[in-house]
Amino acid sequence: MEQLERLTYNQALNRLEEIAELVRKKEISLEDSLDLLEESVQLATICNQHIDYTAWLPQTDEETAGEDIVAR
């Protein structure tokens, strides 16, 4: 998982999309599907970590001008 942890949000999301396409084709074995499921869970965790980190970044007054900060 060490290499996965270095992925950016977009890289992790793109890999999740690739995995979804592979699974939709239904041309992979059950064992490979389980491996992809495990990878998907790790990628989803990475995406969530990036989102959580971004939500806590300080914002400038220009970015928040006129915004309600209720649903962040």
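"How closely do the axes of helix α2 and α3 come, and at what angle do they cross? Let me start there, and then walk you along the chain.

Hi everyone. One thing to keep in mind throughout is that this is a predicted model. So, to the opening question: the axes of α2, residues 9–25, and α3 come within 9 Å of each other, and they cross at roughly 150°. Angles over 145 degrees count as roughly antiparallel, so α2 is roughly antiparallel to α3. As for handedness, α2 passes α3 in a left-handed crossing.

Now let me step back to the overall layout. The chain has four helices and zero strands. Reading from the N terminus, the elements go α-α-α-α. There are 72 residues in the chain, and 15% of them count as buried.

One of the buried residues is L4, so let's look there. L4 sits in helix α1, which covers residues 2–5. Its relative accessible area is 17%, and the cut-off for buried is under 20%, so L4 counts as buried. What is the C-alpha to C-alpha distance between L4 and L43? The answer is 7.2 Å, although these two are 39 residues apart in sequence.

Next, the loop between α2 and α3, where you'll find K26. If you like backbone torsions, this one is for you: K26 is not a glycine, and yet its phi is positive, at about 60°. K26 is also exposed, because its relative accessible area is 72%.

On to the charges. In general, side chains of opposite charge can pair when their charged atoms come close. How many salt bridges does this model have? The count comes to three.

Let me take R15 first. R15 forms a salt bridge with E18, and the closest N and O atoms are 3.1 Å apart. Both belong to helix α2, and because they are three residues apart there, about one helical turn separates them. R15 also meets E39 in a salt bridge, side chain to side chain, at 2.8 Å from N to O.

The remaining bridge pairs E21 with R24, with 2.7 Å between the closest N and O atoms. These two are also three residues apart in helix α2, so about one helical turn lies between them. E21 is partly exposed at 43% relative accessibility, while R24, at 56%, counts as exposed. Putting the bridges together, those that share partners join R15, E18 and E39 into one network.

Last stop: the nonpolar side of things. Which residues form a nonpolar patch on the surface? They are L30, L34, L37 and V41, and together they have about 410 Å² of accessible area. Take L34 as an example. L34 lies in helix α3, which runs over residues 30–55, and at 48% relative accessibility L34 counts as partly exposed.

Terms used. Residues are numbered from 1 along each chain as its sequence is written. This is a predicted model: local features need pLDDT of at least 70, side-chain atom pairs count only at pLDDT 80 or more; totals for chains, interfaces and linings use all residues. Side-chain values use heavy atoms; hydrogens and water are left out. Patches are made of residues with over 30% relative accessible area and no salt bridge: like charges are joined within 9 Å, nonpolar side chains (Val, Leu, Ile, Met, Phe, Trp, Tyr) within 5 Å. Accessible areas come from the Shrake-Rupley method with a 1.4 Å probe; for residues, only the protein chains shown count as cover. A salt bridge is a side-chain nitrogen of Lys or Arg within 4 Å of a carboxyl oxygen of Asp or Glu. Buried means under 20% relative accessible area, exposed over 50%, partly exposed in between (1.4 Å probe, protein chains only). Axes are lines fitted to C-alpha atoms, for helices over the stretch in contact, and angles run from 0 to 180 degrees between N-to-C directions. Angles under 35 degrees count as roughly parallel, over 145 as roughly antiparallel, 65 to 115 as roughly perpendicular and the rest as oblique. A crossing is left-handed if the near helix is turned anticlockwise from the far one by less than a right angle, and right-handed if clockwise.
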